[in-house]
Amino acid sequence: MADVRLSADGERALAEGERLAATLNVAIEGVEFLLAGALSVLREEGRAGLPAPHVLENALREVHGEGSTPLSDRVMPAPNLRQALNMTAGALRREGGTTIDALVIARGMIASGEVNPAFYEALGVASEALAAKLEG
């Protein structure tokens, strides 16, 4: 991602995804955590119609479970998270963009096809409906 950069809210989305994984004692951060982090940031910024924090956490818990032992090391990104983020950066570059923000992250995670369908089911919203809420 040499010619693209993260905005402040993009950095917050990454940090929030990692925080959510650590909160659930999950050592490997999957795409769902980053999507949840981006949605949390966007909701905080005032975007209406997005899942509440407890709904996101419950959906993550349903898909990834919750470890019983606190983590001793830092959360690591899963390969599919790295792949989805790289695909997002590539698509942004092709469109002439240079900044990855929380909205770009959320859209990219959905578009990547890497999100477990059970996550959308646990949220109570289809991927297409969630993507539509991020348009405009």
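Trainee: How many salt bridges does a search of the whole structure find?

Mentor: Happy to start there. A salt bridge here is a side-chain nitrogen of Lys or Arg within 4 Å of a carboxyl oxygen of Asp or Glu. This is a predicted model, where local features need pLDDT of at least 70, side-chain atom pairs count only at pLDDT 80 or more, and totals for chains, interfaces and linings use all residues. Residues are numbered from 1 along each chain as its sequence is written, and side-chain values use heavy atoms, with hydrogens and water left out. Searching the whole structure gives 7 salt bridges.

Trainee: Which residue meets Arg-12 in a salt bridge?

Mentor: Arg-12 sits in helix H1, and its partner is in the loop between helix H2 (31–44) and helix H3 (53–64), 33 residues apart. Helices (H or I, at least four residues) and strands (E, at least two) are DSSP runs, numbered from the N terminus. The N to O distance is 3.1 Å, and the partner is Glu-45.

Trainee: Is Glu-16 buried or exposed?

Mentor: Buried means under 20% relative accessible area, exposed over 50%, and partly exposed in between (1.4 Å probe, protein chains only). Glu-16 forms a salt bridge with Arg-19, with the closest N and O atoms 2.7 Å apart, and both residues lie in helix H1. Because its relative accessibility is 16%, Glu-16 counts as buried.

Trainee: What is the distance from Asp-9 to Arg-12, the nearest side chain of opposite charge?

Mentor: Asp-9 is found in helix H1, and a polar contact of 2.5 Å joins its side chain to that of Ser-7. A polar contact is a pair of N or O atoms within 3.5 Å; within protein, one must be able to donate a hydrogen and the other to accept it, and residues adjacent in sequence count only if both atoms are side-chain atoms. For charge, Lys and Arg count as positive and Asp and Glu as negative, while His and the chain ends are not counted. Asp-9 is buried yet has no salt bridge, and the distance to Arg-12 is 5.2 Å.

Trainee: Why is H5 largely enclosed by the rest of the structure?

Mentor: The buried residues of H5 include Leu-103, Ile-105 and Met-109. At the N-terminal end, Asp-101 caps H5, with a side-chain oxygen 3.2 Å from the backbone nitrogen of Leu-103. H5 is largely enclosed because its buried residues number 8 of the 11.

Trainee: Which helix gives the most to the lining of the largest pocket?

Mentor: A pocket is an open set of points on a 1 Å grid over the protein atoms alone, where a 1.4 Å probe fits, with protein on both sides within 12 Å along at least five of seven lines; lining residues have an atom within 4 Å of a point. The largest pocket is lined by 13 residues, and Arg-107 is among those nearest its centre. Arg-107 also forms a salt bridge with Glu-135. The helix giving the most, with 6 residues, is H5.

Trainee: How many charged residues are in the lining of the second largest pocket?

Mentor: This pocket has a volume of about 240 Å³, and a volume is the space filled by probe spheres set on the points, which are joined across faces, edges and corners. Ala, Val, Leu, Ile, Met, Phe, Trp, Tyr, Cys and Pro count as nonpolar, Asp, Glu, Lys and Arg as charged, and the others, Gly among them, as polar. Its lining has 8 nonpolar and no polar residues, and the charged ones number 4.
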